[in-house]
Amino acid sequence: MRHCNSVFSAQDIWYLLDSEECNKRKLFIANCPICNKEMVLYSYSNPKGEFFEKYYYSNGARKIKERLKKDVVSTMLGFKTKYKMPSGFVYGLNKEIKRNGKIIAQMQYACDFWGNKILVKKIENG
Ligand SMILES: [Zn+2]
């Protein structure tokens, strides 16, 4: 993030639910290390894959946090929300569903090291 001619990393990142117009929504949160201004960087891409980002400061930053907090799926600081989505380092897990010794479906999950799991894809055989 950028302010006062310096570049610094976010103190926290909120990962947000996709909405109809916006995917991969993230909110980067920081206080400028030089002037201590409260600031957020809201980034998202639209369905065409175009990427947007916008800074908000002070009151504007607090307002957008208030508006977006209901959409938080997980945060960099690792606090878990009601959605129990995997966060941080996510790895894939395949699970075979068998019936009478025959594989009838493959379930692909995304997992994290806190035990959160979400079904990504289900492949049915036959
Ligand atoms: Zn500053």
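Reader: What makes up the largest nonpolar core?

Author: In this predicted model, the core holds 8 residues: Trp14, Leu16, Leu27, Ala30, Met39, Val40, Tyr42 and Ala61.

Reader: Why is this set called a nonpolar core?

Author: A nonpolar core takes buried residues of types such as Ala, Val, Leu, Met, Trp and Tyr, joined through C-beta atoms within 7 Å. Buried means that 20 or more other C-beta atoms lie within 10 Å of a residue's own. Trp14, Leu16, Leu27, Ala30, Met39, Val40, Tyr42 and Ala61 make up such a set, so the name applies.

Reader: Which elements give two or more residues to this core?

Author: S3, S4 and S5 do. The largest share comes from S5, with 3 residues.

Reader: How many of the protein's residues are buried?

Author: Buried residues make up 10% of the 126 residues.

Reader: What does Leu16 touch, beyond residues up to four places away in sequence?

Author: Leu16 touches Arg25, Lys26, Leu27, Leu68, Asp71, Val72 and Val73. Contact here means C-beta atoms within 7 Å.

Reader: What share of the contacts with a separation of 6 or more joins residues 24 or more positions apart?

Author: That share is 35% in this protein.

Reader: Which helices and strands does the protein have, and in what pattern?

Author: There are 1 helix and 10 strands. Along the sequence the pattern reads β-β-β-β-β-β-α-β-β-β-β.

Reader: What is the order of the open sheet of 5 strands?

Author: The order is S6-S5-S4-S3-S7, and the pairing is antiparallel.

Reader: What makes S6 and S7 edge strands?

Author: Strand S6 (51-57) and strand S7 (72-75) each have a single partner strand, so one side of each has no neighbour in the sheet. On average, neighbouring strands of this sheet are turned by 20° against each other, direction ignored.

Reader: How do you know that S5 and S6 pair?

Author: Pairing needs at least two bridges between the strands. Strand S5 (residues 38-45) and S6 have 7 bridges, in the antiparallel sense, so they count as paired. Val40 stands opposite Tyr56 in S6. Tyr42 stands opposite Lys54 in S6.

Reader: Where does helix H1 pack?

Author: Helix H1 (residues 58-68) packs on the sheet and touches strand S3 (12-16), strand S4 (23-31), S5 and S6. The direction of H1 makes about 50° with that of S5.

Reader: What makes S4 and S5 a pair?

Author: 7 bridges join these antiparallel strands. At least two are needed, so S4 and S5 pass. In this pairing, Phe28 has Leu41 in S5 as its bridge partner.

Reader: What lies between the strands of each hairpin, S4 with S5 and S5 with S6?

Author: S4 and S5 have 6 residues between them, and Asn36 in the turn has a positive phi of about 65°. S5 and S6 have 5 residues between them. Gly49 in that turn has a positive phi of about 85°.

Reader: What is the order of the open sheet of 3 strands?

Author: The order is S8-S9-S10, with antiparallel pairing. Strand S8 (91-99) and strand S10 (117-124) are the edge strands, as each pairs on one side only. From one strand to the next, the twist averages 25°.

Reader: How do you know that S8 and S9 pair?

Author: S8 and strand S9 (residues 102-111) have 9 bridges in the antiparallel sense. The cut-off is at least two, so they pair. Across this pairing, Tyr91 stands opposite Cys111 in S9.

Conventions: Residues numbered from 1 in each chain as written. Predicted model: local features only at pLDDT ≥ 70, side-chain atom pairs only at ≥ 80, totals over all residues. Helix = DSSP H or I, 4+ residues; strand = E, 2+ residues; numbered from the N terminus. Buried ≥ 20, exposed ≤ 12 C-beta atoms within 10 Å, placed from the backbone. Contact = placed C-beta atoms within 7 Å. Axes fitted to C-alpha atoms, helices over the stretch in contact; angles between N-to-C directions.
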